[in-house]
Amino acid sequence: MSEQHNHSDNTSPGDEQERDELTPVRERDTEFGRISMTESGMTLNLGGTRAADSVEPDGPPEGSENDELARLAGLVGIRVGQLASDDGEPMSRVPERSEESAALTRVCEKLDARAGAADPNPSLDRVAALMDLLGSPERTLKVIQVAGTNGKTSTAWMTESLLRALGHRVGLFTSPELTRVTETMLIDGAEIAPERFVEIFDELEPFVDMVDAQFATPLSRFEVLVAMAFVAFADAPVDVAVLEVGMGGTWDATNVVDADVAVITPIGLDHQAFLGQSIAAIAAQKAGIIKPREADGVSALSPAENIAVVAEQEPDAMHAILERAVETEAIVARSGSEFAVGESTVAVGGQQLTLRGLGGEYDGIFLPLAGAHQAANASLALAAVEAFFGVTREHPLDADAVRAGFDQVTVPGRIERFGKDPVVLIDAAHNPHGARTLASALERDFNYTGLIGVVSIFGDKDARQMLTALEPELREVVITQNSSPRAMDVDELAEVAYDVFGDDRVRVEAHLPAAVELAREVAEESGEDGMGVLVTGSIATAGDARTYLTALDAQEPEA
C-alpha cells in the first residue's frame, strides 16, 4: 500500500473507505489491458474499463484471462499489484520472456536450487575438480580478471568493448544478472543463446553431479555458471576472456584461472561477513587474483610479465594489494601514477575524456556513461588492455580503435535512462560506497530540478549509510521492496528512511512497479520542468525496474 508516514494516524475504517473512493486513478494502457494505479496499489483490467468503475471478481481469473495475467507477470518479471495464486499467495516470479523455452526454465530451476550469493563456501576445490573432469577448458583461455568492490561490471564491459574494437573475439562473464541468467555470458558482444546455454548445462550436469558426490558441500549456482562460461568461451573459441569476480577474489570460482592481467577496482566495505571487517582484510582477499606467472603460460597474445592494474585505493587497501604483488613478483600499474584520467568534461549523453595510458595520451574519447567514477573506470580498462598487449609509448594502441571501443560501450543498470517527462534513471548502487559514488555523479553530471527516489536495499547492507548518501540528491523517496528474498522488509527500510529524510519526504509502496509509477506521478504533479525519478538500492532493484520499464516501453507507440 502506498502511504505517507503519520505517527498519529487515527483514521477509522469508514474514513479509509471514503478516502479510497476519492483517490484518483492513474492509468496506463498496454496490449494486455489497462494498468490502473490507486492508493491501494496496481491492478490490471483486462476488459479495458476504468478500475474505478469495474467490479472485481470473487476469485482469480480463469482460462485465457489467467493466461494473460501470467503473460503480463512474465513480461514485467516482478509482482504486479496483488496477482495471486489459488492459495492466495503472490505468484512466484515467472520467466521474464513468455517465449522462453521449457528447457531453459528447467535449467534455471536447477541452478536456482543451488546455494546462492548469500551462501558462499571458501574453497576452489569443487570448481577445480569440475574443471579437471571437463579437461581444463579454462587453461585454453587468455584472461583479464576484474575484482573490487565497486566498478567491476563497468570496467569489465569497457575492457570487453576495447578488445573487440581492436579486432579480437572476446568472451565476457559478469554477475549477477539483472533480468536473465543468459546475460552473464557474452561472446563477441552478443548474449549467449538460450539454446546454447541449455546445451552447455546439459553437457556439464553429469560432471557436476560427480563433483557434488565427492564433496560435503555441492557446487554453488555461481560455480556452475563459471564452469559453463569457461566451456562456452573455449568452444567458441574466444581470443580473450574478461571475467568479473563474483565476491572477494582468493576463493572466488573465477580464480581457478591464472589471469594474464589482474585488475582491481576501488575497494570499500562490503560483504564483511565473508571477506573481513576491515578495508585491509577485504583488499587482501581481492588481491588474491594476483598470482605468480607460470613460464609456460606465456604466448604471443599475452603479456610477458605478471601484471596487476589497480585503481586508486584507500591507503590500507593499497598496502594489502602491494604486499600481494611483492609476494607474486607482479608488476603493478596504479591509477594516478602510471595511468590516469587527464580530463573529463560533461557532455550530452555522457562525457568527453582525455586518458593518460601506459602507452601515452589518448584524446577525443566520448564515453556514453555518466560520472567521474566511470571516467576512472575507463582509465582502468584502458590500462588493463594496454597491459595485456604489452604496449609501450613507442607502440601504443590504435587511438581510433580506442575511441570506437569507448564510444560503443554500454553498461546496463548504471545510471541507465528510460522514458521521458519524467526521465527515469536506474542504477545498481548496492552499498554505501556505491551510493556515495552515485550521489557524486548526480551532482556533477545532472541538473534535474528535483529527483524522486525509488529505493529497495538488501537486508545485509548498511541502509542508513546508503540513504544518508542519497538524501541530498532526492526531494522525496518512495520506499519499496524488490523481488529478491534478500530484500529488506519495506516497513523496516521505511523506518530508516523516516529518520534520514523526515516523515514528510517519505512514501511507502511495497510493490516495486507501483512504486515506480507513484514516483513518476509525484514528479509530474510537481508541475515543474526538469523533474526526474531515480531507482536504486541493489542490483535486484535495478533489474526489477529495468524489466518493468522495458516492458512498458515496448507497448508505447513510436512517436
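Reply: Happy to! A cavity is a set of points, on a 1 Å grid over the protein atoms alone, where a 1.4 Å probe fits but cannot get out. Its points are joined across faces, edges and corners, and its volume is the space filled by probe spheres set on them. This is a predicted model, where local features need pLDDT of at least 70, side-chain atom pairs count only at pLDDT 80 or more, and totals for chains, interfaces and linings use all residues. Residues are numbered from 1 along each chain as its sequence is written, and side-chain values use heavy atoms, leaving out hydrogens and water.

Three cavities of 30 Å³ or more are found in the structure. The largest cavity has a volume of about 40 Å³. Its lining (residues with an atom within 4 Å of a point) brings together Asp 258 and Ala 259, the run Ile 289, Ile 290, Lys 291, Pro 292 and Arg 293, and also Asn 306. Sorted by class, four of these are nonpolar, one is polar and three are charged.

Eight strands (DSSP runs of E, at least two residues, numbered from the N terminus) form an open sheet with mixed pairing, in the order β8-β7-β6-β9-β5-β10-β11-β12. Pairing needs at least two bridges found by DSSP. At the edges, β8 (190–191) and β12 (331–334) each pair on one side only. Elsewhere in the sheet, β6 (residues 170–173) and β9 (residues 240–244) run parallel, joined by four bridges. There, Leu 172 stands opposite Val 242 in β9.

Definitions and conventions. On a 1 Å grid over the protein atoms alone, a cavity is a set of points where a 1.4 Å probe fits but cannot get out, and a pocket is an open set with protein on both sides within 12 Å along at least five of seven lines; lining residues have an atom within 4 Å of a point. Ala, Val, Leu, Ile, Met, Phe, Trp, Tyr, Cys and Pro count as nonpolar, Asp, Glu, Lys and Arg as charged, and the others, Gly among them, as polar.
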